[in-house]
Amino acid sequence: MPEQQHDPYHEKGAAIAATGAGGAVDLAMDEGETLEKTPGGPEGTGADKKPRSLWSDAWHDLRRNPVFIVSALVILFLVVISIWPSLIASGDPLDCDLSKAQEGSQPGHPFGFNGQGCDVYTRTVYGARTSVTVGVCATLGVAVLGSVLGGLAGFFGGAWDGFLSRVTDIFFAIPVVLGGLVLLSVVTSSTVWPVIGFMVLLGWPQISRIARGSVITAKQNDYVQAARALGASNSRMLLRHITPNAIAPVIVVATIALGTYIALEATLSYLGVGLKPPTVSWGIDISSASQYIRNAPHMLLWPAGALAVTVLAFIMLGDAVRDALDPKLR
């Protein structure tokens, strides 16, 4: 019998003869199996791992962003004291003693007293409730109204799109502060709702433009065209395919705008057309303290500092969310 030759391919269990082509195919299959079973491959590419979606990938980046962590902790603290201000302030913001007017820091009153003898610390804590309420409600109203109108205009186009574009041009031409002076000067209510309604009225065009452009971009994708070819209804395409992929820019702009609305409320209250006493507001306290800035600067320092920190926290949060949701910035 002829001497049997050593065949390395048969040792690996190859099913075909050890030809050049066959050996290359078997070797490629073996290497493919080895790579598939290797647990130390790139993240998200192994057999036991699924690729992350846009939202999970964004959350993965946000958890490692110190800007997001710091701003989120500040906002969480503001939300907690807005809901339960008595946790850190046991006094009444409307309890005033004229004999202590403009006095500085004292035991139990670390921020001193304002011109009416009210505790500045207590009013600063309770003022967070008003500012956060106005900012959150105005942002939700603007986001919902602007997203619906802009999304429908971008999806259907035609005459509705042209009409909405001209209406938004008109609203963009109205100065916000001047519009507030004109519209809110005739309002006598001391609640937050007229101010919130004004912000929604003049704020929705910006979100509408963002939502319109995002929907126009999303509806041109292949998966939307495939759903349309399969007979999907307009409502199904909007809710299942377009909205989840077009909502990210709206969230980013709305998050940044929230801090802007808080600052706008303080500005209108400072000018005397926003919130009115006895409502406790940082803008009202800043307005009343501005005339005593030389004799009692502490009256202005604390509410103005709280306002600045709050606005900065929301702007930082919006920037972090933008960086996480925008693939071009990665």
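Predicted model: local features only at pLDDT ≥ 70, side-chain atom pairs only at ≥ 80, totals over all residues.
The disulfide joins Cys96 to Cys118, with an S to S distance of 1.6 Å, and that is within the 2.5 Å cut-off. About the S-S bond of Cys96 and Cys118 the torsion is about 70°, so this disulfide is right-handed. Where do the two cysteines sit? Cys96 is in the loop between H4 and H5, Cys118 is in the loop between H4 and H5 as well, and they are 22 residues apart. Are they buried or exposed? Cys118 is buried, with a relative accessible area of 3%, while Cys96 counts as partly exposed at 34% relative accessibility. As an aside on another cysteine, Cys137 has 26% relative accessibility and also counts as partly exposed.

Leu98 has 62% relative accessibility, so it counts as exposed, because the cut-off for exposed is over 50%. Which residues does Leu98 touch, leaving aside those up to four places away in sequence? They are Gly115 and Gln116. There is also Gly117: its C-alpha atom is separated from that of Leu98 by 4.7 Å, although the two residues are 19 residues apart along the chain.

Now for the aromatic rings. The structure holds 6 aromatic pairs. Take Phe111 and Tyr121: their ring centres are 5.2 Å apart and their planes stand at 80°, so this pair is edge-to-face. Phe111 lies in the loop between H4 and H5, and Tyr121 lies in helix H5, so the pair ties together parts that are 10 residues apart in sequence. Phe111 is buried, at a relative accessible area of 16%, whereas Tyr121, at 21%, counts as partly exposed. The cut-off for buried is under 20%. Another aromatic pair is Phe155 with Phe156, also edge-to-face, at 4.9 Å centre to centre and 90° between the planes. Of these, Phe155 counts as buried at 7% relative accessibility, and Phe156 counts as partly exposed at 47%.

H8 covers residues 193-218, which is 26 residues. At 1.5 Å a residue H8 should span 38 Å, and its end C-alpha atoms are 35 Å apart, which agrees. Where does H8 bend? The bend is at Gly203, by about 40°, and a proline, Pro205, follows within four residues.

Then there is H11, running over residues 248-270, with 23 residues. From its first C-alpha to its last, H11 reaches 34 Å, close to the 33 Å expected at 1.5 Å a residue. H11 bends too, by about 25° at Leu258. After H11 comes Gly272, whose phi is positive, near 90°.

Key
Residues numbered from 1 in each chain as written. Heavy atoms only, no water. Expected span 1.5 Å × (residues − 1). Bend = angle between axes of the 7 residues up to and from the residue. Buried < 20%, exposed > 50% of the residue type's maximum accessible area, 1.4 Å probe, protein only. Contact = heavy atoms within 4.5 Å. Phe/Tyr/Trp six-rings, centres within 6.5 Å; stacked < 30°, edge-to-face > 60°.
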